Structures are given as structure tokens and as C-alpha cells.
Amino acid sequence: MNFTHRRLRNVLLLLLFLQAVGNAAAQSQSVAPTVSTGDPSSAETNGAATELQISGVYPHLTTYGVYSQDGAHRKGGHDECGIGAVVPWADKLWMVNYAPHMPRGSEHKLFSVDKDLKMIIHPESVGGTPAGRMIHQESNQLLIAHYLIDHEGGVRTISPQEMPIRVTAIARHLEDPVNLVYYIDMEGSIWEANVHTLAVKQLFKKPVPGWHGKGGYTGQGRLVVSNNGEHPAGTYDDLLVGGAAVGEEERGVLAQWDGKTWEIIERRQYTDVTGPKGIAGGGDQDDPIWAIGWDRRSLRLKLLDAGTWRTYLLPKASLCNDARHGWYTEWPRIRELAAGRGMLDMHGMFFDFPMSFSVQNASGIQPIGSHLRYVPDFCQWNDQLVLATDETSIQGNHLAGQPQSNLWFGKYEDLKSWGPANGYGGPWIEDAVKANQPSDPFLVAGFDQRILHLALGRNSQHSSELGNRTTGKIKITEMPPQLARLPRVTTQRGDYHQPAPGFSFRVNQPVTVYLVVDRRGNPRLDETWKRTDLSLTWNHHNQDVIYTKAFASGEITIPGNDAEHIAGDYGMPHMACVAGQDESLKIEANENATVTQLLPTKSSPASSTLPVRFTLEVDRQGNGVWEEYSTVDVEPSGAVVHHFPNDLDAVWLRLKTDRDCVATAVLHQTSAQYPAERSAQGDSLFVGLASASSPAKSVHAGLLYAAKRSRDLRVVGSSGQFFEFTKDRFEFRPDKADPQLAKRLEVAAEFAVDDASVIVKYQGKRFRLPKGSSAFDRPFASGWPRATREVESERSLANIHGTFYEVPLINNGLPPAFELMRPISSHDKQITDFASWNGLLVLAGVRADAAEDGHVIASSDGQMALWFGAIDDLWQLGKPVGVGGPWKETKVSAGQPSDPYLITGYDEKRLSLSADQDTEVTLEIDFDHLSGFHPYRTITVPAGEEVTLDFPQGFSAHWIRCVSSQACTVTAQLEYR
């Protein structure tokens, strides 16, 4: 062998040695794939096995918020890492993840995944809060976040120091689309960038109102932008049109710019703006533009066709996205999956969406099914549907150590095996309607069963009637009904950099004072004040706690609030709601306080005592041709449930009334649920879980925590064992005892059970739910199972008495809104805890004798096992069922409504009524979460007899309650089969 050959051999041996060392080092660390060291074509990955796939999730593709700390998460400002954009490009799948609010960059990354599912983290990564993406056709580049990627995968970066924005959308330029593009910022600024030189220029600081920007798209000679929030994050000093929100309806914005003038299209919450050219960022002048958003009634689909905007309405499956601030609606999209066939994702529902949608061709939108996954983006790649996710945030979520998100891979058809296509909403909720003025069209195509709830008048108390939190300012947006009409005593807000002042007042009789206290900073009261489970909300997102104390007649002193919630920032002054013994109560306030008496009254239901005729019209072909379908008469102060036939042949429905009135029109549209084959799939999928009645020795019970110190999952066994389930090898390792972790994961009962049903509380109100197995009435041998937990970011999952529910959050760190819940599935399993980790749903409570079947993984010593799957596997756990009701041999007062009982999302429903005296029981239903309860049916119940009611097929409402005409002992039980 000559010298050249020997040198070549030595070089090869050295390279092999270095590669082996690199692989060993990568395998020894529980971190994500290593950062590339130059050209991505030669970048190293961590060598993680790509064949491990569970329910469409590849754990090695997990993304995180922090990469500098060897798998740990100890850096502020990185508490979220949703995957904001996914785009096939240059033979790879490209994606970015995002921080909560980092316009100047963060440790979040630019990733690419090749067809062998090897993931590269690119060294050009600058992080930030990005979700914008566009393919610039003239330069043949993918623009995603701050990056520009050429057709060979070469990456260039616009520095966040030069363009410090949260890139929410990228759109084609109106004047020079060959060289320039628009970058849209979540705070509202608009930038211009040269795709060749990367030179940037700010065009507008904040031209239109609203906050939490989302979409941007160019077409028909205009740039259209959107945002979906109304929680001010700055000033409106730079606005070129519009101003601060006026009234409850103004939230977010949809706006347009023709290159000269800005114009507000609508002050509603909007997300994606797109058209037939999709992520090309804009199209021909004749192409339509679509924008998706929502209001309190329904989803809104805006269509710009031939220069005119039109509105179409769709139902909501979930209410997790509805918060006024818009933070929980991260970039739902309309996107093409195959030629001409797109998909729309909004409010927990996937819809088929034809890419030819226009005024003359408005058919083809149909529900696919509902989902729990929080999906910021999706695409078709490598012959699979890919869903990006915002999975685990630690903003207000103390049950996870670090944020993490992953992708889901599958087929379009898989979505149909997830949640049922159940959707709710309508054109009017307590709206002033003009005679013979048609509503916007509402989608009715594609559902199996449809009912229409109609009502007249106003039945609810709007937040505009609730008054102010302090004297003269700061609107109350939600408060307990029992306190809303009490006289209140307030003081001025004052300088928030100083402690809030106290005040005093005199009363002429003994009273009970309900004291509203700003929870921020945890202000302390003396022990004579007793905390209640009531709460009050102001400015839509700030939630106060309420204490109570009894006082004799005379002077009452209310203390000040000297609690700082941020250094130098003090909480609100207290507010006193005063309940006297009778109507002779008089309150005299001192000079620093103001007494306010609010006595809101219900408005007149209609301008006449005659019924109102609703005319129902349908567009059968989606071509704008309307025909009369039916008429329905509704009495003043009344309500009607109209059932459509299952074979209704129509795409859109609209309504009009024969007189001016205040009207509500809400549809509940549902799908045939849980065929036999789905039950069989669920039985097989979850066979490894222990039954609720299994003895302790046959169950691997445990509590779960996505680690802060590593990428691993920490597990606390019910017998005091500690384990670490590793990211790199997917195996259990014994861990040292950690009392602090055990304390963090402690579980207390979060619901109560009585003879009638399960009880949960939210903002001082009681809500009742169906019961499952009696084994859930008491703790398991291992203790109470976990009831509520954030699993998908900013969404709460509840496992209560044998049923999983989705429960929306209104604000991070506060209790979930049980009044907005929907059931997912029912079961008879001993699930002790559940969590998201590396893109997977993890369940504790596996049978000790369960075989490893691709979902169950056990420790080598047989001391612990866990179940792994995906969040939307839960739909197959079991059809939602249960038994219970508002009363069971309950003594009731005449005319006093029962607690609300959940009825939404259940299929076959039967009610049984009995009483010890002759009575009439009126059933009242809440079908929109906003207008209150409406009469449905009155049933005569003879003493000592049982009366049953089978609800019609397809009947749906959200909550039901009962009112007895007589004081007696009554049973009202519903069976959901």
C-alpha cells in the first residue's frame, strides 16, 4: 500500500471514529436532534430511531423551547413552542416553532425533515414567534418566519434585530411582487422586504385596530390582513383608521389596503386570509379571497368576489377558541391538500373546503369531524396528511416542566374516525332583527341530523348591564347572578403604582357583604372574611375572588389593597356587594366611596303580543338561488324547536321574520355517532387499561410529569416508586425520591357526587353531569384520579366519573369553564393520570398483566407500565353515555329551577320523572350558552307514577334544567345510551 492509500485509509478510519463518538454522544443525551454544522445536506442528526411511531406520532420529531441546556428548560420567555408553520419544500418538510412573545428572537428553531424522517435543526435559527409562510414563485424561495430557503435548501435569515416582529403572515407585494413581499406582525405593523437583498423597511406601525394579528393575503388589488384579539398590548396612537372597541361585538379586525387607503371590513375576530393560490401569498386579480373568523354566534367565512365582500356562517364544534383576547386560536387555516380540494380547520372542526369556492359556486363545504388537537398548520407531504400542533405550554400550567410539540402523520380518512361532526351556532342570538331582512346564510350541508332553536326577546343579562368594577371605570364582564342585582359600594381606581385605598359606609340593618378582591398578588384579609367559590371577571380576562362576612347595622370599613402583583404595580381596590334583610336597606357611603344600585330588567320580547313568523329559505345548490322551505310561528316570550328531516337537500339556510323583533336562531347539527366498528377499534386500542373495579395489586397506578430537567417523562408510582421514562430509549429507569415532585402532582377531589348526579362548580354556579360506574364515587386504592389537566396548550381535559370532557380555558392558570364543556368519550377504566409528552397522550392505570401491544410499554422489572397514544385516540375510548339528572328524590320549591344538567354531545336520551304529589315539570334548555334557558316542554307528573320521555332523534341542547309547579319531592333522571 503506497503512502497515498495509507493516508486515505487513516483519514477514513479517523472519520469513522469521529462519527462513532458523535453517535454515542448523541445517544447518551436525552435531547432533540443536534444543530446542523453547515450545509443542511450534510448536517448531522441525533441518530434517533425513526421507526418508532405511535398513533401517527414519531417521538423523535418533538420540538422544544430551549436547546442550550442539555435537554433542560431553565430559561425565561420560552414557555410555549407550538409548531406555527409546516411546508413541503426542496424535498423536505420545513417547520418552525414559536415562543409566546419574542419579536427579537429566541431559542426556537427552523427544522427540516427528510423523507426518511430524519430531522435537522438548522444553525441559521433565530427563533421568535413565527407562523407566517409563503412560497415566492419568481425567486423560487420558501419564505417561512425570518428565513428564506432556496430550491436546494439553502437558508438565509433576516435578522430579528433588523425586523423585530412576530411574523404572523407573508403576502405578495401590490407594486413589485417580483422583488418585494409584505411581512405582517402580530402587533399590527406591516413591513416590506426584498427577497434578493433581504433589505427591510417598516411601512406601517399599526394601521388598523385590534390585537394578536393572524392572516395576510394579496388579491383583487388589495392587501387583506386580520387579527383575532381585543386585549390591548400597546396604544392606538398610530392607527390610520378605526379606534378602540366600541361595545361587546367589536373584537379583532378584518381590514384591507389598496396601496393608498386603509379600510376596516369588519370588527370581528379573524384568523386566516387566503385564496386559491394558497401559500403563494396571493393570486390573480379575479381570484376570490377567503377569510375565516368568528363571533359569539358562529364561525364567519368572508368571501371577496368581484370586489364585493359577502358573509357565510358555519357552526362551532368547540368553544376553546372563543376568548376575547384571541390567544387560544393560533392560526387555524384553509389549505389545499390535493388539486382543487382543500381543508378548513376552525373551532375544533375540520371541514372539506373546495378551492373553487365563490359566489356562484358556494357548495362543497362539509364537516369532516371534530378534534382535540390544537392545530396551527397542516399540509400534504410524502403521501400523508401532516398536522402541526401546539401541544404543551407551561404558561399557567404547573403540571408540565417544559413546553413541547410534535407532528401527527396519517391519512385524510383518519380524521373521520376522530370526533363526531357536531356543530352549533346560528345567525342570531338576542339580536334586533328587521322585518323581511334575510340573515346571512348558515351551512347545513353534510350533517346527519339538524334542529333549529328559535326564540323571541331577551332572556339574559348582558355584560353592558353589569356596571363598573371601580367608581366610574373598568367594565365588569361577568359576575355571579346572585350578586349582579345587589347594591354595591366602590371607590376610585387611583394610581396603580400606589396601594389601593379602602373606604367605609353605613347600613341601617344587618347585612352580608360580598367582597370582590383582585386575586393578583394574593392580598390578605383578616380571618373573619371567608372565601367563597364565587368569582367576578372584569375587562374580559381579569378574574377576582369573592369573600363574605356578616355585619351588624352601623358603619362598615373595607380595607385597602396593598398587594403588589408586579414590583411597583398594585392591585385593584376592593368592591363590596351588600345583601340586606329586606327592601328597606339603606346605604350611606363616605366621601371616598360610591353606592350603585343596579336593577337590570328583561327587555320586551317583541313589539307585539302576536306571534312572529320565521321564514326558512334554502339554497340547494350553493349557487345563490333561494327558495322558501318552511315557516315557523313563535309566540312572544316563547321558544320553538324545529326538526329538519335527515334527508334535507340543501347547502345553506337563511331566515327572516315578518316583523321587527329581538330574535334568536341557533342550529344544533350532529352526526350519527359511534358505529359498531368504532367500538371494536376502541376496545382493542385501550385493552391494556385496567377496569375501574380492578384491585390495587392488578393496576399500575401513577402520576405523570413532563420533566423540566430533561426531555424525559417523570412518573410517581402509587407505592412511592419514582421512575424516569426516557426519550432516547423509551424505557423506564428507577429515579431518586422527589418529595417536591410528589407534592406538585398531588390530586384532590375536583367533583362531588350525590344521589342525583356528579357536581362541578364554576364561578359560584353548580353544574351537574352524568354518572358512570359506581366505582368512581370514591377514590381508588391509589387515591383520587386526576380530574382536570391542560393537555393540548390552553385547553383543559377533564376525566370525571368515567367520562372525558373538553373544558375550555378563559385564562391561563384559572379554573376551566365547565359551563362550556363537551363530552369526548365514556369508559370504565382506572385512569389515574393523563398528560401530553413528546407529542403523545400518556395514560396511567395500565393492567399489571397487560401485554405490550404498541401502546402499552412496561418496565423491565414489571413495576410500572404506561399507555401511549395520540390525543384524538380518546374519541374511540367509548361513546359518551351515563345516567343522572338534576333531582333524585329531591325536595324542591315551586317555581325554583334545578341546577343545569349536561345534555350536549349525547346520542339517545330518555328522561324519567316521578313525584310524591301531582305536579307539572317544565323542562328548560340552554342551547347557545348566551341567551339563558328557554322553555322546551311541560310534562304532567301524577303522584306516585313514573313518566318517561324519549327525546326525538337528533335533539340537542347544551344544558337542561327542571322546574316543578308544586313544592314536592321529585326525581328527574336522564339516561344517555
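Q: Before we count anything, what is a cavity here?
A: A cavity is a set of points, on a 1 Å grid over the protein atoms alone, where a 1.4 Å probe fits but cannot get out. The structure in question is a predicted model.

Q: And how many cavities of 30 Å³ or more does that rule give?
A: The count comes to eight cavities of 30 Å³ or more, and the largest cavity has a volume of about 130 Å³.

Q: Which residues lie nearest the centre of the largest cavity?
A: Asn-321, Gly-348, His-371, Arg-373 and Arg-795 lie nearest its centre, out of 17 residues that line the largest cavity.

Q: How do the residues of that lining divide?
A: The lining of the largest cavity divides into six nonpolar, five polar and six charged residues.

Q: Switching to open space, what is the volume of the second largest pocket?
A: The second largest pocket holds about 940 Å³ of space. Its lining consists of 32 residues, and those nearest the centre are Glu-750, Thr-788, Leu-814, Pro-815 and Pro-816. Two or more lining residues come from each of strand S38 (530–538), strand S39 (542–551), strand S57 (758–762) and strand S59 (788–790).

Q: Which element gives the most to that lining?
A: Strand S38 gives the most to the lining of the second largest pocket, with five residues.

Q: What about the largest nonpolar core, which members touch the most others?
A: Leu-387, Leu-415, Leu-866, Trp-867, Phe-868 and Leu-874 touch the most other members, in a core of 53 residues. Several strands each supply at least two residues of this core, including S27 (384–387), S52 (702–706), S53 (713–717), S63 (833–837) and S67 (865–869). The strand that gives the most to this core is S64, with five residues.

Q: Take Leu-866, then: which residues does Leu-866 touch?
A: Not counting residues up to four places away in sequence, Leu-866 touches Leu-704, Leu-713, Val-715, Phe-732, Val-842, Leu-843, Ala-844, Val-846, His-855, Val-856 and Ile-857.

Q: New topic, backbone angles: what is the phi of His-801?
A: His-801 has a positive phi of about 50°, although His-801 is not a glycine. Most residues other than glycine have a negative phi.

Q: Where is His-801 found, and is His-801 buried or exposed?
A: His-801 is in the loop between strand S60 (795–800) and strand S61 (803–808), and His-801 counts as buried because its relative accessible area is 2%, where the cut-off is under 20%.

Q: And what is the phi of His-929?
A: His-929 also has a positive phi, of about 65°, and is not a glycine either. The loop that holds His-929 runs between strand S71 (919–926) and strand S72 (934–941). With a relative accessible area of 19%, His-929 is buried, since buried means under 20%.

Q: How about Thr-670, what does its side chain make a polar contact with?
A: The side chain of Thr-670 makes a polar contact, at 2.8 Å, with the side chain of Gln-449. Thr-670 belongs to strand S50 (residues 661–670) and counts as buried at 7% relative accessibility. Leaving aside neighbours within four places in sequence, Thr-670 is in contact with residues including Ala-421, Phe-447, Gly-954 and Ser-956.

Q: Last one: how many residues apart in sequence are Trp-327 and Glu-794?
A: Trp-327 and Glu-794 are 467 residues apart in sequence, and 8.7 Å apart in space from C-alpha to C-alpha. Trp-327 lies in the loop between strand S21 (308–314) and strand S22 (334–338), and is partly exposed, with a relative accessible area of 28%. Beyond neighbours within four places in sequence, Trp-327 is in contact with His-212, His-231, Tyr-374, Glu-794 and Asn-811.

Key. Residues are numbered from 1 along each chain as its sequence is written. This is a predicted model: local features need pLDDT of at least 70, side-chain atom pairs count only at pLDDT 80 or more; totals for chains, interfaces and linings use all residues. Side-chain values use heavy atoms; hydrogens and water are left out. On a 1 Å grid over the protein atoms alone, a cavity is a set of points where a 1.4 Å probe fits but cannot get out, and a pocket is an open set with protein on both sides within 12 Å along at least five of seven lines; lining residues have an atom within 4 Å of a point. Grid points are joined across faces, edges and corners, and a volume is the space filled by probe spheres set on the points. Helices (H or I, at least four residues) and strands (E, at least two) are DSSP runs, numbered from the N terminus. Ala, Val, Leu, Ile, Met, Phe, Trp, Tyr, Cys and Pro count as nonpolar, Asp, Glu, Lys and Arg as charged, and the others, Gly among them, as polar. Buried means under 20% relative accessible area, exposed over 50%, partly exposed in between (1.4 Å probe, protein chains only). A polar contact is a pair of N or O atoms within 3.5 Å; within protein, one must be able to donate a hydrogen and the other to accept it, and residues adjacent in sequence count only if both atoms are side-chain atoms. Contact means heavy atoms within 4.5 Å. A nonpolar core is a set of buried Ala, Val, Leu, Ile, Met, Phe, Trp, Tyr and Cys residues joined through side-chain atoms within 4.5 Å.
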